[in-house]
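Take a moment to look over the model below. The paragraphs that follow walk through it one site at a time.

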Amino acid sequence: MSSQSPLYTSITLPCGKSLKNRIVKAAMEENMAGDNQLPDRNLLSLYRYWAHGGLGMIITGNVMVDRHAMTGPGGVVLEKDTPIDSFERWAKVIRSGGALAIMQINHPGRQVFKAVNKTAMAPSAVSLSMGRFSKQFADTYAMTCEDIYAVCQRFVDTAVKAQQAGFDGVQVHAAHGYLLSQFLSPLTNQRDDQWGGSLLNRARLLLNIVCQIRACCGSDFAVMVKLNAADFQRGGLTLEDTKEIVSHLNKLGVDVLEVSGGNYEAPAMQGRTGDGQALNQHAYFVEFASQIAAIAQMPVMTTGGINREASARRVLEQGCQLVGLASALAITPNLALKWQQGSPQAEMPPRCTWQDKTLASLVTMAMIRRQLRRLGNDLSTQPAPSQLWSLLQDLRHRKKMTRRYHQFINQ
Ligand SMILES: Cc1cc2nc3c(=O)[nH]c(=O)nc-3n(C[C@H](O)[C@H](O)[C@H](O)COP(=O)(O)O)c2cc1C
């Protein structure tokens, strides 16, 4: 019965690669890199669960294009000179159950913890405003044109290496307030050169990166983009802006556009906006993605809050072609298989209930990352882990990862 649903039909992307169904594992930074910020045995064990979990496509957690700019201390780094044997093993594991293997590639811009990197480059010297947590973030400086060209080249180099390692494609992360999203947003991009001002100028870096990856990796490599439907902050990127960016991406042969939203200051990807806009609690961005799909010339996927098969079906009914799941797959890695087999509803992902919203967001992430580490160690997941213990464990793990990262940088 369930297998008759459009969720379980295949789809071929513009590059010619096919997914066996419409259910995609969205990117989740694992913060589990091994020595030298490379994928190791535990990371591969984690991905083996997803590889055999009935998914059509698996997008890795964000991989850093620059070892000096990290979203977290346990991030995987892939640069021009990085040896690729561990990445080859990673791609092989991901593809072992028939899913497409996509590497998400990212630069954090200003969203960097000071304990990891003291300074951070961004379109403009606008630091994060996170109340009493602001001091925890790196000091931001404005990029020169040379910095911008160099970062563009880094994205291209990382994509080329991902292709060499056997990945089916890359996803350029231009959402969630990281560097490319900072260029797009008028709140963080206050430049008055060709990289700032008009929306086309603010989108120039993203468009250049996509164009150059396509030119270097060829027409049969999947090039995907993750974009915010909006920043969900007053004065930030709007849905109309995003539609205009999509009209430019339409000309570049993008294979999939993933619609998300928010950033560290306004974490809409966790269902909370900064401007009071209400989100659909069963699929946060589905109404936005539906409007974007109406003008997009590539398949559209949306991620955020989707934990039930009925919500996933509704996403397709509203005009999207793919459905992204993240935290639900940290608890039930074979959720897609369970849905397809008509199994009873799986556990909901844990959410922190604390009053302080920033702390609650950190604890929710900590609880989910703890499940990723458990899977990496072949332990069963916990749908309702202790909030305080998860936070303490996460802090201890981050400390260990930070120490190891600094050894790597200083070697
Ligand atoms: C632990 C964790 C790590 C994440 N890391 C990334 C990431 O590396 N790249 C990204 O685009 N989104 C990342 N996200 C956001 C998810 O991809 C997704 O957009 C968000 O969690 C909402 O989807 P969900 O409700 O299915 O979890 C992360 C989410 C979690 C919980």
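Start with the ligand, which 20 residues surround. Ala27, Glu29, Gln104, Gly305 and Ser327 are the closest. A residue is near a molecule if one of its heavy atoms lies within 4 Å of it. This is a predicted model: local features need pLDDT of at least 70, side-chain atom pairs count only at pLDDT 80 or more, and totals for chains, interfaces and linings use all residues. Residues are numbered from 1 along each chain as its sequence is written, and side-chain values use heavy atoms, with hydrogens and water left out.

What kinds of residue make up the shell around the ligand? Eight are nonpolar, nine polar and three charged. Here Ala, Val, Leu, Ile, Met, Phe, Trp, Tyr, Cys and Pro count as nonpolar, Asp, Glu, Lys and Arg as charged, and the others, Gly among them, as polar. Helix H11 (residues 357-376) gives the largest share of this shell, three residues. Helices (H or I, at least four residues) and strands (E, at least two) are DSSP runs, numbered from the N terminus.

Now look at the atoms that face the ligand. A nitrogen atom of the ligand lies 2.7 Å from a backbone N or O atom of Glu29. Side chains take part as well. An N or O atom in the side chain of His173 is 2.9 Å from an oxygen atom of the ligand. For Lys226, a side-chain N or O atom is likewise 2.9 Å from an oxygen atom of the ligand. On its own the ligand has 610 Å² of accessible area, and the protein covers 93% of this. Such areas come from the Shrake-Rupley method with a 1.4 Å probe; for residues, only the protein chains shown count as cover.

Move on to Lys243, in helix H6 (residues 239-249). Is this lysine buried or exposed? Lys243 is buried, at a relative accessible area of 19%. Buried means under 20%, exposed over 50%, and partly exposed in between (1.4 Å probe, protein chains only). The side chains of Lys243 and Gln291 are joined by a polar contact of 3.2 Å. A polar contact is a pair of N or O atoms within 3.5 Å; within protein, one must be able to donate a hydrogen and the other to accept it, and residues adjacent in sequence count only if both atoms are side-chain atoms. Neighbours within four places in sequence aside, Lys243 is in contact (heavy atoms within 4.5 Å) with Gln291, Ile292 and Ile295.

Helix H4 holds Gln182. This glutamine is buried, with a relative accessible area of 1%. Beyond four places away in sequence, Gln182 touches residues including Pro108, Arg110, Ala122 and Thr188.

Next come two backbone angles. Most residues other than glycine have a negative phi. Asn36 has a positive phi, near 60°. Its place is the loop between strand S3 (23-25) and helix H1 (41-51), and Asn36 is partly exposed at 37% relative accessibility. His176 also has a positive phi near 60°. This histidine lies in the loop between strand S10 (169-174) and helix H4 (179-184). His176 is buried, at 11%.

Cys320 is in no disulfide either, as the nearest cysteine sulfur, that of Cys15, is 19 Å away. Cys217 is buried at 5% relative accessible area, and Cys320 is buried at 5% too.

Terms used
Disulfide = S-S within 2.5 Å.
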